[in-house]
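Hi everyone, thanks for coming. Let's take a friendly walk through one protein together, starting with the whole and then visiting a few spots.

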Amino acid sequence: MRKIQVLLVLGAQWGDEGKGKIVDSLSKYFDYAVRFQGGPNAGHTVVFDGKKIVLHTIPSGILRENCCAVMSNGVLIDIDVLEKEFKSLKDLGVDFKGRLFISNLCHIILPFHKKLDALLDTNQKIGTTKMGIGPAVEFKVARHGIRIKDIFSQEIKTLLKENIEYAQKLIKSFNYTDYENDINFEELYSKLMKFAEKIHDFVTDTQKLLRKKIEEGKKILLEGAQGILLDIDFGTYPFVTSTNTSPGGSICGTGINPKSIDAILGVVKAYTTRVGGGPFPSEIKDENEAQTLRELGGEYGSTTGRPRRVGWLDIPLLKYSKNIAYFDFLALTKTDVLEKLGKSFYVEKYLYRDVEIYEPDTTVDISQVVPVLCEVKRNSEIKNIIEGELGLKVVINSFGPDRSKIEIDENFLSLIQ
Ligand code: IMP
């Protein structure tokens, strides 16, 4: 295989596979780390100089001096969240001037998007993170959105007024009246103007930047948020996020040449988790058993703190993800958690309308499948099972939260170095 200049890292399950740690380790070898979809619904805790920092939208590559961080056009920006991240980085003494680039085309999440998210989810029961992702994407697609470049333009006042009117109509449709008066134009406008001042030096045309850097031979790490099964098109719709977590998202969300991606690395957790509602064939139904695994794995949301639903490794779903995402390599995480647990299982196949399914496609309703479980005799076998079943090599093994608890295959290292 040729050398890897542009590497795309994607979650292979429902998010929370431990991508953060993988990306953190890999960013040592890359010049640019890029977030390209999602927004503050993602969360990544990094231990830096013995201190914890949670980053939701800025790529964690910013913590390595060799690496620049890019938030490209597909990222949704919540101004409060970004300001907090700026402050956390400053408190840690991280100098990011000249190393952080924010696309002028990113859409902004405003407080009413979060309100709408909460109101919508009361009916839909998707169990969103309430960070305003869905409504902000709705505004974007309805061509009502406010982009970073708009807050520097003459039209911002008119645009913000129109936005507020539109939001008020929507909020009213939920028979929710109080909030209508809470959207204060002057307050929001002055907040946006202060924010514009703070981010001015970081805003640029990131499509052009990345295009040039790729031409110059710089190494680019594209960092997906969430996981393939939460993709708006190919995930377990409607229990999905509102952006494309599959490879296409990295193209639309950056504007780079589709042909420039050299390899796709899928990150697989040794068991499965999901947050919020939706089908989950391998879910552990016994609450005591589930709680043991949850505690051992620290399976609580890093954005919301919600307990994650837990289940066994699901091979048919991983095959589905592989088919959607075209993985070239895999990274395996949290094998240490299963070691501590002792006995574990994996789903080998499903029974669906009396037919055995090994590799589901979109015609299979995964809320109706019966999982067939196999016991994992020794947890060290998990890697072999995944490699054998998916026909892909596990090139990174992460077996603990510490930065040192990771092994990267030498051949793979020689491709990225
Ligand atoms: P939203 O992205 O906040 O709209 O939430 C939609 C669905 O995606 C919900 O089930 C969330 O729990 C899930 N989700 C969103 N972001 C993440 C993540 O970073 N990890 C895991 N699940 C997520």
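Let's begin with burial: of the 417 residues in this protein, 56% are buried. Please keep in mind that what you see is a predicted model.

How many helices and strands are there? The secondary structure comes to 14 helices and 20 strands. The radius of gyration is 21 Å, close to the 22 Å that the globule rule gives for 417 residues, so the protein is as compact as a globular protein of that length. If you draw a box along the principal axes, the C-alpha atoms fill roughly 65 × 50 × 40 Å.

Now think about how the chain meets itself. Take the contacts between residues at least 6 apart in sequence: 77% of them join residues at least 24 apart.

Next, some helices. Is helix α1, residues 19-26, enclosed or open? In α1, 8 of the 8 residues are buried, so this helix is largely enclosed by the rest of the structure. The buried residues include Ile22, Val23 and Leu26, and also Lys19, Lys21 and Asp24.

Move along to helix α4, residues 133-141. Its buried residues are Ile133, Gly134, Pro135, Ala136, Val137 and Phe139. What covers them? The cover includes strands β6 (76-78) and β8 (107-109), together with helices α3 (111-124) and α5 (156-172). After α4 comes Arg143, which has a positive phi, near 60 degrees.

Let's turn to aromatic rings. A search of the whole structure finds 10 aromatic pairs. In one of them, Phe86 and Phe202, the ring centres are 5.4 Å apart and the planes are at 55 degrees, so the pair is tilted. For reference, an angle over 60 would have counted as edge-to-face. Where do the two partners sit? Phe86 is in helix α2 (residues 79-91) and Phe202 is in the loop between α7 (185-199) and β9 (203-204), so the pair ties together parts that are 116 residues apart in sequence. Phe86 counts as buried, at 5% relative accessibility, and Phe202 is buried too, at 7%. With Phe96, these two form one aromatic cluster.

Our next stop is Thr303, in the loop between α10 (287-297) and β13 (309-311). Its relative accessible area is 24%, so Thr303 is partly exposed. What does Thr303 touch, leaving aside its neighbours within four places in sequence? Its contacts are Pro40, Asn41, Ala42, Gly43, His56 and Met131. There is also a distance to notice: the C-alpha atoms of Thr303 and Lys130 are separated by 10.0 Å, while the two residues are 173 apart along the chain.

To finish, a few backbone details. Most residues other than glycine have a negative phi, and most peptide bonds are trans. Which two residues are joined by a cis peptide bond? They are Tyr237 and Pro238, with omega at about 5 degrees. Pro238 lies in the loop between β10 (220-227) and α9 (247-252).

Then there is Lys334, with a positive phi near 60 degrees even though this residue is not a glycine. Lys334 sits in the loop between β15 (329-333) and α12 (335-341), and is partly exposed at 22% relative accessible area.

Asp354 is another non-glycine residue with a positive phi, about 65 degrees. You can find Asp354 in the loop between β16 (344-352) and β17 (355-357). Is Asp354 buried or exposed? With a relative accessible area of 80%, Asp354 is exposed.

That's the tour, and I'm happy to go back to any stop you'd like to see again.

Terms used:
Residues are numbered from 1 along each chain as its sequence is written. This is a predicted model: local features need pLDDT of at least 70, side-chain atom pairs count only at pLDDT 80 or more; totals for chains, interfaces and linings use all residues. Side-chain values use heavy atoms; hydrogens and water are left out. Buried means under 20% relative accessible area, exposed over 50%, partly exposed in between (1.4 Å probe, protein chains only). Helices (H or I, at least four residues) and strands (E, at least two) are DSSP runs, numbered from the N terminus. Contact means heavy atoms within 4.5 Å. The radius of gyration is taken over C-alpha atoms; the globule rule is 2.2 Å times the number of residues to the power 0.38. Rings of Phe, Tyr and Trp (its six-membered ring) pair if their centres lie within 6.5 Å; planes under 30 degrees apart count as stacked, over 60 as edge-to-face and the rest as tilted.
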